[in-house]
Amino acid sequence: MISAVLFDLDETLFDRSASVRSFVRQQFAGSGIGRFPSVTDLCNRFMELDARGSMPKIEVYGTLIEEMGGHRDELRQALFDDYEANAWRHAVPFDGMRPLLSWLRQNGRKIGIVSNGQTHIQLRSLLALNLDRMVDAYLISEEEACRKPEAEIFERAANRLDVRTSDCIFVGDSPQADMAGARAAGMKTIWFPNGASWPSDYAWRPDATVASLWEVQAVVKRWEHS
Ligand SMILES: [Mg+2]
């Protein structure tokens with residue numbers, strides 16, 4: 001039985017790379033790009049330093065400003081403050097997100113989000129995508145005081161939806177946080193890689209792999225009938 005489908009947020013429902021890239025592009029078009037040959041080169045460097053969201057943004061801006069040829073602390077702080085206040089305005093979902101969530105809901109599946117990150121940042125993305133209206137529960141690691149891949153946060157999500165973890169599917173991009181974590185908690189796993197690669201030291205694979213959110217519906221239907 002499939003009672004609920006749970007999703008990671010960044011790079012799973014929320015196209016974080018495209019969103020950050022769009023924000024940074026307009027940000028530096030306003031402030032200048034120093035030694036970088038083009039805004040595109042600067043955006044590429046930002047994304048590289050950002051490392052899929054794993055680096056503190058204040059450090060990313062610090063390095064970028066040095067590489068632009070400046071050592072301006074006030075510019076670093078201003079760009080960082082602007083990011084915190086306004087990056088959400090550029091939030092875009094992955095193609096197929098809304099139809100998938102509507103279909104799940106119409107078919108009586110509960111929907112949850114489990115996201116690692118800071119509450120104020122994750123909430124802004126979530127609200128900007130209208131996800132608070134489209135899902136039944138969302139758990140953000142900072143306010144839950146536990147994070148993926150700990151089984152606790154997956155179990156808590158299932159509890160909040162009033163379903164068993166064995167009746168849940170988890171969809172995510174991170175092999176470690178999402179796939180290993182959900183699997184250990186007894187959930188079925190759908191991997192949506194988005195540029196992530198599968199670790200060579202993992203001797204197992206996700207239950208399904210999709211190239212887009214459009215493919216998730218077929219997987220759910222297949223499992224429901226098996
Ligand atoms: Mg993710």
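This report walks through the sheet, core, metal site and some backbone details of a predicted model.

## Ground rules

Residues are numbered from 1 along each chain as its sequence is written, and side-chain values use heavy atoms, with hydrogens and water left out. Because the model is predicted, local features need pLDDT of at least 70 and side-chain atom pairs count only at pLDDT 80 or more, while totals for chains, interfaces and linings use all residues.

## The sheet

Let's start with the strands. The model has an open sheet of 6 strands in the order β3-β2-β1-β4-β5-β6, with parallel pairing. Its edge strands are β3 (137–140) and β6 (208–209), each of which pairs on one side only. Helices (H or I, at least four residues) and strands (E, at least two) are DSSP runs, numbered from the N terminus; two strands pair if DSSP finds at least two bridges between them. Strands of a sheet pair through backbone hydrogen bonds, either parallel or antiparallel.

Here is how some of the pairs line up. Strand β2 (residues 110–115) is joined to β3 by 4 bridges in the parallel sense, with Ser 115 opposite Ile 140. Strands β4 and β5 also run parallel, over 4 bridges, and Val 171 stands opposite Ile 190 in β5. To get from β4 to β5 the chain passes through helix α9 (residues 175–184), in a right-handed β-α-β crossover. Right-handed here means that, with the strands pointing away from the viewer, the path from the first strand over the helix to the second runs clockwise. Between β5 and β6 there are 2 bridges, again parallel, and Trp 191 faces Thr 209 in β6.

## The core and helix α5

The largest nonpolar core has 31 residues, and Phe 7, Leu 101, Leu 131 and Ile 190 are those with the most contacts inside it. The elements giving two or more residues to this core are β1, α5, β2, β4 (168–172) and α10 (216–225), and α5 gives the most, with 5 residues. A nonpolar core is a set of buried Ala, Val, Leu, Ile, Met, Phe, Trp, Tyr and Cys residues joined through side-chain atoms within 4.5 Å.

Helix α5 lies across β1 (4–7) and β2, running at about 155° to β1. That angle is taken between N-to-C directions, from 0 to 180 degrees, with axes as lines fitted to C-alpha atoms, for helices over the stretch in contact. Leu 100 is found in α5 (residues 97–106) and is buried, at a relative accessible area of 3%. For reference, buried means under 20% relative accessible area, exposed over 50% and partly exposed in between (1.4 Å probe, protein chains only). Beyond residues up to four places away in sequence, Leu 100 touches Phe 7, Leu 213, Val 216 and Gln 217, where contact means heavy atoms within 4.5 Å. Leu 213 is 113 residues from Leu 100 along the chain, yet their C-alpha atoms are separated by 7.2 Å.

Thr 189 lies in strand β5 (residues 188–191) and is buried, with a relative accessible area of 1%. Leaving aside neighbours within four places in sequence, its contacts include Phe 170, Met 179, Pro 206 and Trp 223. On the same terms, Ile 190 is in contact with residues including Ile 169, Val 171, Val 210 and Val 219.

In helix α6 (residues 119–128), the buried residues are Thr 119, Ile 121, Gln 122, Ser 125 and Leu 126. They pack against α4 (73–86), β2, β3 and α7 (141–144).

## The magnesium site

Which residues hold the protein donors of the magnesium ion? They are Asp 8 (OD), Asp 10 (O) and Asp 173 (OD), lying 2.1 to 2.2 Å from the ion. Donors are N, O and S atoms within 2.8 Å of the metal (3.2 Å for Na, K and Ca); water is not among the atoms, so sites may look incomplete. The spacing of the donor residues in sequence is D-x1-D-x162-D. Asp 8 counts as buried, at 6% relative accessibility.

## Backbone details

Most residues other than glycine have a negative phi, and most peptide bonds are trans. Glu 11, in the loop between β1 and α1 (16–31), has a positive phi of about 65° although it is not a glycine; Glu 11 is buried, at 5% relative accessibility. Asn 130, in the loop between α6 and β3, also has a positive phi of about 65°, but Asn 130 is partly exposed, at 37%.

The peptide bond from Lys 148 to Pro 149 is cis, with omega near 10°. Pro 149 sits in the loop between α7 and α8 (151–161).
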